[in-house]
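Subject: Structure handover

Hello,

Here is the structure I promised to pass on. Please open it and keep it beside this email while you read.

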Amino acid sequence: MKIASCIMVARVIVPIAIAFALTACSSSAGISKKNPDYFGAKEREGSLSGVYNPAGFSSAQVRRLLGTLCQGGQLEGFSEARSDGLVSWKTNCANGIRSGVGFVEFQRIDGSSEIMVETTGSNGSGNLVYTRQKVKL
């Protein structure tokens, strides 16, 4: 009876968690357009990509913030393209991406030079990792 209960709970919770994760990733550009003090980044196969609003961040600020996700802090091959008032970007880290980086949100705190960086990912062993830190521009 306990196993059947766990399976039923998993059938409900897993699809909800997947839907939430997909919504968070797919709506990053929409949030950036409405809120220039926000942008997101996602890691895929060793590369980072995302979209930011130039009304809220400069290219140099985005590169500096993305460097916090890299081992050694160095980006490699940063490229940008403007479209519909936003800037899409893609980059790699010279020495690899820090462990635990999957999806990242950057949010300016109350119009200040402080940025809240929230990272959700996996540690390579399948364990969920969440970090939150303030970065000063």
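First, a definition: a charge sits over a ring if NZ of Lys or CZ of Arg is within 6 Å of the ring centre and within 35 degrees of the ring normal. Arg108 does this: its charged end sits over the ring of Phe57, 4.6 Å from the centre.

Some ground rules. This is a predicted model, where local features need pLDDT of at least 70, side-chain atom pairs count only at pLDDT 80 or more, and totals for chains, interfaces and linings use all residues. Residues are numbered from 1 along each chain as its sequence is written, and side-chain values use heavy atoms, with hydrogens and water left out.

Now the aromatic rings. Rings of Phe, Tyr and Trp (its six-membered ring) pair if their centres lie within 6.5 Å; planes under 30 degrees apart are stacked, over 60 edge-to-face, and the rest tilted. The whole structure holds four aromatic pairs. In one of them, the centres of Phe39 and Phe106 are 4.4 Å apart and the planes are at 10°, so this pair is stacked. Phe39 is in strand 1 and Phe106 in strand 5, 67 residues apart. (Helices, H or I of at least four residues, and strands, E of at least two, are DSSP runs numbered from the N terminus.) Both Phe39 and Phe106 are buried. Buried means under 20% relative accessible area, exposed over 50%, and partly exposed in between (1.4 Å probe, protein chains only). Phe39, Tyr52, Phe57 and Phe106 form one aromatic cluster.

Next, the core. A nonpolar core is a set of buried Ala, Val, Leu, Ile, Met, Phe, Trp, Tyr and Cys residues joined through side-chain atoms within 4.5 Å. The largest one has 20 residues, and Phe39, Leu66, Trp89 and Phe106 have the most contacts inside it. Among the elements that each supply at least two of its residues are strand 1 (38-44), helix 3 (59-67) and strand 4 (86-93).

What joins Cys70 to Cys93? A disulfide does, with S to S at 2.0 Å. The term means a pair of cysteine sulfur atoms within 2.5 Å. A search of the whole structure finds one. Cys70 lies in the loop between helix 3 and strand 3 (75-83) and Cys93 in strand 4, so the pair ties together parts 23 residues apart in sequence. The link is left-handed, with -65° about the S-S bond. Cys70 and Cys93 are both buried.

Last, Thr119. This residue is in strand 6 (residues 114-122). Thr119 counts as buried because its relative accessibility is 2%.

Best wishes
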